[in-house]
Amino acid sequence: MNIPKLKEYMQPHFDIFKDRNVYCWVSSGAIRDFFTGDPFIDIDFFFSSRKDMLIAKNSILEIGAKKIRDLPQNRGEKFKYKNTAYDLACWDGGGDPPCKAENPQKMIEWFDYTVEMAALDSNGKFYNHPNFFEDCKNKRLVRNSIRDFYPRANNRRLLKYIKKGYTIDTDNLQTWLEDQDATFEHRHNINKNKLK
């Protein structure tokens, strides 16, 4: 629960963009892993607009980072600088589903589990789900009440968590499985309509 230490640790990463006057935030995995003590080499930066994301892209390229690949759903790009990977992303309503999050509070509402629902912004403000710290400490997966649209990626995510020692109770597993079933129906209907 040491938020000042998190800020101190993340500041050099935020400093990459500080001269560009862009608002951004770090969210999800790097925040969780910082508090659980798990190693991480990937930091996800989110921006409230494509314009800010492109400005940040120029900053990271100027310091010598190399582009690795595009992110799924045309939401941004991944870069490598020294031993760290940086995802620069913007959830502006594009893609399927049309995720829209112009600030950290809206962003964490889209995440799958409470252990992912935390963010630190470039102004030093911390956002989190009320159970974030407790669920991280107990390595407990509590499903967010959103509809899941990415079954394969989220199957991999759940398996990764289980391999890292996280647990999920029957109620949360049932919710997750129901989401998978609804997702299959959603995708099936989209594909069926495309064939008409």
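Colleague: What does the accessible surface of the chain come to, and what percentage belongs to carbon and sulfur atoms?

Modeller: Accessible areas here come from the Shrake-Rupley method with a 1.4 Å probe, and for residues only the protein chains shown count as cover. For this chain the total is about 10800 Å², with 52% belonging to carbon and sulfur atoms. Please keep in mind that this is a predicted model: local features need pLDDT of at least 70, side-chain atom pairs count only at pLDDT 80 or more, and totals for chains, interfaces and linings use all residues. Residues are numbered from 1 along each chain as its sequence is written, and side-chain values use heavy atoms, with hydrogens and water left out.

Colleague: Thanks! How many helices and strands does the chain have?

Modeller: Both are DSSP runs numbered from the N terminus: helices are H or I with at least four residues, strands are E with at least two. This chain has seven helices and 11 strands.

Colleague: And what share of the residues is buried?

Modeller: Buried means under 20% relative accessible area, exposed means over 50%, and partly exposed is in between (1.4 Å probe, protein chains only). Of the 196 residues in the chain, 43% are buried.

Colleague: Now the charged side chains. How many salt bridges does the structure hold?

Modeller: The general idea is that side chains of opposite charge can pair when their charged atoms come close. The cut-off for a salt bridge is a side-chain nitrogen of Lys or Arg within 4 Å of a carboxyl oxygen of Asp or Glu. The structure holds 15 of them. One of these joins Asp92 and Arg50, at 2.9 Å from N to O. Asp92 sits in strand E6 (residues 91-92) and Arg50 in helix H3 (residues 50-62), so this pair links distant parts of the chain, 42 residues apart.

Colleague: Are Asp92 and Arg50 buried or partly exposed?

Modeller: Asp92 is partly exposed at 33% relative accessibility, and Arg50 is partly exposed too, at 26%.

Colleague: Which residue forms a salt bridge with Glu77?

Modeller: Lys67 does, with the closest N and O atoms 2.7 Å apart. Because Glu77 lies in strand E4 (residues 76-81) and Lys67 in strand E3 (residues 66-70), the pair ties together parts 10 residues apart in sequence. Glu77 is buried at 11%, while Lys67 is partly exposed at 41%. Both belong to a network of salt bridges that also links Lys57 and Asp70.

Colleague: What about Lys78 and Asp87: how far apart are the closest N and O atoms?

Modeller: They are 2.6 Å apart, in a salt bridge. Lys78 is buried, with a relative accessible area of 9%, and Asp87 is buried at 11%.
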